[in-house]
Amino acid sequence: MSETSLDSAHLAAITWSRITEGGDIAAVRWVRKHGYEKALALLRANSPQLPPAGAAWKIRLQNLTDFSPAALEKLGIKVLIPGDKYWPAQLADLGERCPLSLWVRGAENILQLPAVSV
């Protein structure tokens, strides 16, 4: 993956993964409703529509350290979001507990096998 291969949705998904915790149903709902980029823009704008969990996201966003997407390439990590070729369809079974993104090191095509353990 080169830095240029990360589109704005993937970059926003990286930010979401840095400001939320696994199983954050409010974040999943927010991102599903608005999309990664718009959800992040609304958070940055302190939208009055933000759910109560938005206060914690905002604090975490303000305290984020710089992140270099080039580090992903150096470490052999790819970030997957729903709709990507290798996003495991089985994750849909988790509903609102589905992760917002997956950080994958190695062959992401194995995520298409009938059973995957994370």
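Helix axes here are lines fitted to C-alpha atoms, over the stretch in contact, and angles between them run from 0 to 180 degrees between N-to-C directions. The model is predicted.

**Packing of α1 and α3**
- Helix α1 (residues 8-19) packs with helix α3 (residues 36-44) at an angle of about 55 degrees, and their axes are 8 Å apart.
- Because of that angle, α1 is oblique to α3.
- The crossing in which α1 passes α3 is left-handed.
- On the α1 side the contact is made by S8, A9, A12, A13, T15, W16 and I19, and on the α3 side by Y36, E37, A39, L40 and L43.
- Sorted by class, the residues in this contact are 9 nonpolar, 2 polar and 1 charged.

- In soluble globular proteins, nonpolar side chains tend to be buried together.
- The largest nonpolar core has 19 residues, of which W16, W30, Y36, L43, W57 and L100 touch the most other members.
- At least two residues of this core come from each of α1, α2 (25-34), α3 and α4 (54-62).
- Not counting residues up to four places away in sequence, W30 touches W16, G35, A39, L42, Q49, L50, P51 and W57.
- A second, separate core has 7 residues, among them L80, L102, V104 and L111.

**T15**
- T15 lies in helix α1 and is one of the residues that make the contact with α3.
- The relative accessible area of T15 is 12%, so T15 is buried, the cut-off being under 20%.
- Apart from neighbours within four places in sequence, T15 is in contact with L40, L61 and L64.

Note on methods
Residues numbered from 1 in each chain as written. Predicted model: local features only at pLDDT ≥ 70, side-chain atom pairs only at ≥ 80, totals over all residues. Heavy atoms only, no water. Helix = DSSP H or I, 4+ residues; strand = E, 2+ residues; numbered from the N terminus. Parallel < 35°, antiparallel > 145°, perpendicular 65-115°, else oblique. Left-handed = near helix turned anticlockwise from the far one by under 90°. Contact = heavy atoms within 4.5 Å. Nonpolar A, V, L, I, M, F, W, Y, C, P; charged D, E, K, R; others polar. Core = buried A, V, L, I, M, F, W, Y, C linked by side-chain atoms within 4.5 Å. Buried < 20%, exposed > 50% of the residue type's maximum accessible area, 1.4 Å probe, protein only.
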